[in-house]
Each structure stands twice: as structure tokens, then as C-alpha cells.
Amino acid sequence: MPRATVARIDLAALRRNFQTARARAGAARSMAVVKADGYGHGIRQVARALADDAPKFAVACLEEALAIREAGLSQAVVLLQGVHARGDLADCEHQGFEPVLHSRQQLDWLVRGQARPAFWLKVNTGMNRLGFRPDTLPSVVETLAVGGGRAGLLGFVTHFACADDTGSPMTAEQTAVFEAATAAWPDLMKSVGNSAAHFLPGQPLYDWSRPGIMLYGGSPVIGQTGPELGLQPVMTLEAPLMTIRTLQAGESVGYGASFVAERETRMGMVAIGYGDGYPRHAGTDTPAAINGQRIRLIGRVSMDMLAVDLTNAPGAREGDLVELWGRTVGVDDVARCAGTIAYELLTGITARVPREYR
Ligand SMILES: Cc1ncc(COP(=O)(O)O)c(C=O)c1O
């Protein structure tokens, strides 16, 4: 018998979150961002679940786009990192993938090659990771016009650095830079909005928004959880209580003996650890739940197990399932306790944990 540790994926909640994104996107259409294995939820299942609603998908790289084709779906797929090799452009053309070209090298591969995929240009408006500087766009478009490939240019993409921080002026600054940079090509499309941008009042989303984390119920906004923003949790991570024991006052549990019981404490060991992707930095007091009752972690997370304090759950029995995150305990809350963000937790669940879909 395999252990009962599982990530349950609620595909109906995923679809509702996509509808929330669409409603917030106004006149813009929304491409569903399903990179990193659908943020850890399974790219094939997620893409299939959204197939009737999402006119396009977005992924980081070619392998992920091919997984969408393997799932039997024919929508256009945007490759947010462009292509990693010259030959990938032919795959893009044949498969209907739309790379976002961000460098002179990628431009060169296009202009000097035979493949003529539809594509986007990435504009660096201040994130300074990828993209062409605004003042170079005219020469980039000129290179395409002279060398070939200009006909495939769909439009321009940029990405915000601080949209999660509603108090930051940077999103408005980046938007202004983007508008000015692309004004010479009013017939081409524009795409700016990650999930956070859907929650910024007055933020233009132009032709295509690109929601990712919000589809999975995680919060894109600092200081607010997904449910507080009207999003539904999609993944419930559960693991069984393997054993129950009693710590005497003064006894410790786990590596480093970091938790010492102040009084007699009924505790349980749960069959999940950092080898499953549960964050090792989630320390004592990180919330979990059992039978709908909130409990807390105690001590250090091990590779294959962690300890919980069962004082609040006197009815808990061996074999009961502990919710590590889901509807009772928000993934955003666990992320905060672990000093990270829901994105990292959701994408970090390892292959050892089976995904179950409903
Ligand atoms: C270019 C780009 N667009 C959209 C997204 C989706 O962002 P989020 O998950 O914050 O909605 C990402 C994610 O990293 C991205 O890199």
C-alpha cells in the first residue's frame, strides 16, 4: 500500500479562478500561464481543464509547450522565454507556438533562418531581466523588416517587477514606458498583466493578460491571501498521521532538538517532509489542520516526516489525514511562516507526491 500522502487538485476551483481572472481583465483576453508543470498542479491536467475557456496558454519553454500538444490541445502557446536554440523556431512555426523574442541572438536566428513563426517582442521597461530596451525597438523592427520575419510580429510584451506591491509607483512607471515605447505600432497587440496587475485599480491590461498564480488560488498581492482576494484554493496537500505519542515536559522532538515541550504534549508524526516539497523552513507554529481543526507544527521538518502538536485535536487518531495546506490552512499562510511565497511551495511539490484530480 502506498502512503496516503497526496496533493488533491480541484479542477473546478481552477476554472472558477480563471473566470475571476477573465472578469478582472475587462476587455483584455487572458492567456492561462501553466508553466512549471502548471505551478505544480500538472500541466496536462490543468491545460485540459482550462481548454474550453483559455484562448491561449503561456509557458516558459518549448518542452512545456509540447506537453500541451501531448495533452491533445491545439491552442496557441506563448513561450515566455522565447527559444533556446535556432532550430526551435521551426518547431514554433509547425506547432503554433508564439515565442517572445527578447535578445539580439534570438532575433538573428529568426532573421537569418527559414522558419517564420508568429512571435512577440519583449520590452524591458525596468524589470531588467529580459527584453529590448525601449529606445532600441525601432531598430529591432527595422531589422525584422529588412531581414524578414516582420509579418509574424504579433505585438509587445513586458513584465512588472512590483505589481504585487500596491503601494509601489513602479508599475505605473513601467506602464508609461511601455506605452511610449510601443506607440509607433498601434496595430500590434500589447500584453503586460501578471496576476497582480488584475488587482490594481485602473491598471490597463491592453489586449492580453497573463494570469498565473491566481489561477491556482495563491495570492499575487503582498499582505492579502488568495481567499481574501476572492480566489479558491486548488491544491489540498494531505498526509497521514503515522503515529501519536506523548512528549513529557522537557523532552524535545526532531533534529536539533529545536522544540522542547513545556508541558505534557500529545503529538503526532505526519508522513510528509521536505523530500515531498514541504518547506523545511516552516518552523514551530506553522499551521496545519486535522479533521477541520487547526493545529501547529513543532520542531524541524525532516525529509520524510514532520511533527504536529495535537493539543487542539484530542479526537485525532493514527491514520487521520493532516491538511498541510488547502481550504482550512491557506498556502499563503504556510508560505509566510516559511519565509517564502505560495509560488515556491506549489511548484516545489515533488514527484513523490501523487496528484489526484477531481
Ligand atoms: C512573463 C510572465 N508573465 C506572466 C507570469 C505570471 O505571473 P503570476 O504567476 O504572478 O500571475 C509570469 C510568471 O512568472 C511571467 O514570467
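Let's begin with the overall build: the protein has 10 helices and 18 strands. Keep in mind as you look around that this is a predicted model. Taken along the principal axes, the C-alpha atoms fill a box of roughly 80 × 45 × 35 Å. Of the 358 residues in the protein, 46% are buried. Contacts can also be sorted by sequence distance: among those with a separation of 6 or more, 62% join residues 24 or more positions apart.

Now for the division into parts. The protein splits into domain 1, covering 11-218, and domain 2, covering 235-357. Their centres, taken over C-alpha atoms, are separated by 37 Å. To the contact between them, domain 1 contributes 10 residues and domain 2 contributes 11 residues. On the domain 1 side, the touching residues divide into 5 nonpolar, 5 polar and no charged.

As a general point, nonpolar side chains in soluble globular proteins tend to be buried together.

Leaving aside neighbours within four places in sequence, Leu 324 is in contact with Leu 237, Glu 238, Ala 239, Ile 272, Tyr 278, Ala 288 and Val 334.

Arg 8 sits in strand S1, which spans residues 6-9. Is Arg 8 buried, exposed or partly exposed? With 17 other C-beta atoms within 10 Å, Arg 8 is partly exposed, because a residue needs 20 or more to be buried and 12 or fewer to be exposed. The pairing of Arg 8 with Thr 236 spans 228 residues in sequence, yet the two are 5.0 Å apart in space, C-alpha to C-alpha.

Finally, have a look at the ligand. The residues around it are Val 33, Leu 80, His 159, Asn 194, Ser 195, Ala 196, Arg 210, Pro 211, Gly 212, Ile 213, Met 214 and Pro 220. By class, this shell has 7 nonpolar, 4 polar and 1 charged residues.

Notes. Residues are numbered from 1 along each chain as its sequence is written. This is a predicted model: local features need pLDDT of at least 70, side-chain atom pairs count only at pLDDT 80 or more; totals for chains, interfaces and linings use all residues. A residue is near a molecule or strand if its C-beta atom, placed from the backbone, lies within 6 Å of it. Ala, Val, Leu, Ile, Met, Phe, Trp, Tyr, Cys and Pro count as nonpolar, Asp, Glu, Lys and Arg as charged, and the others, Gly among them, as polar. Helices (H or I, at least four residues) and strands (E, at least two) are DSSP runs, numbered from the N terminus. Two residues are in contact if their C-beta atoms, placed from the backbone, lie within 7 Å. Domain bounds come from an automatic or database domain assignment.
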